Amino acid sequence: MTNVAATLDDLRHVAENGKAELVNGELVLMSPTGGLPGYAAGEIFASLREYAQRTRNGYAFADNVGFIVDLPERQSFSPDAAFYTGELTMKFLNGAPVFAVEVRSEGDYGPTAEQEMAQKRADYFAAGTLVVWDVDLMGDDVVRSYNAINPDEPIAYRRGELAAAEPAVPGWTLAVDRLFPD
């Protein structure tokens, strides 16, 4: 029996409200997230939306939006929040966001998770993303901002600081404390 690679059409037909990415010809389903990671992603989206409305320089997206890319091992992304400067249509977005946010959930810890997250960041950069945030609500370095120019040296932001996403989102910052409901 031969395995048939999943397609973009398969991705379009993931069960209602399901979240998945197309990686290595397989649909990678993603579990729903918990309250705190969902809250943090929502705060990032809300701030990006305010920026987009003010500058008219792109579009902010919340969780579960498909970005179609053409990489050897990956055909799509679905970040927790994102900023995109391309054209909007009814279909998945064509190309990678300029800024992508991945908020860690309960299962996003340990050596295997770290390897998977590093590979996903490398894929983002290969697809054209300029900045990727790794948001770790359990760590002291709450936001690690990775830049395509120097991807191995993230800028760490802690509570009480303003996190930036230069050059992807010029002039935009977010108070790290905003990621927590207290």
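Reply: The model is predicted. First, the setting. The chain has 182 residues, and 45% of them count as buried. Its secondary structure comes to 3 helices and 13 strands. Of the contacts between residues at least 6 apart in sequence, 51% join residues at least 24 apart.

Now helix 2. It runs over residues 35-55, 21 residues in total. From first C-alpha to last it reaches 30 Å, close to the 30 Å expected at 1.5 Å a residue.

Which residues of helix 2 are buried? They are P37, A40, A41, E43, I44, F45, A46, S47, L48, Y51 and A52. An α-helix has 3.6 residues a turn, so residues three or four places apart point the same way. P37, A41, I44, L48 and Y51 are among the buried residues.

R56 follows helix 2, and its phi is positive, near 55°. R56 is not a glycine. It sits in the loop that leads from helix 2 to strand 3. R56 counts as exposed because its relative accessibility is 71%, over the 50% cut-off.

N64, in the loop between strand 3 and strand 4 (67-68), has phi near 75°. N64 is likewise a residue other than glycine. At 35% relative accessibility, N64 counts as partly exposed.

The loop between strand 12 (162-164) and strand 13 holds P167. The peptide bond from E166 to P167 is cis, with omega near 0°.

Methods. Residues are numbered from 1 along each chain as its sequence is written. This is a predicted model: local features need pLDDT of at least 70, side-chain atom pairs count only at pLDDT 80 or more; totals for chains, interfaces and linings use all residues. Side-chain values use heavy atoms; hydrogens and water are left out. Helices (H or I, at least four residues) and strands (E, at least two) are DSSP runs, numbered from the N terminus. Buried means under 20% relative accessible area, exposed over 50%, partly exposed in between (1.4 Å probe, protein chains only). Contact means heavy atoms within 4.5 Å. The expected span of a helix is 1.5 Å times one less than its number of residues.
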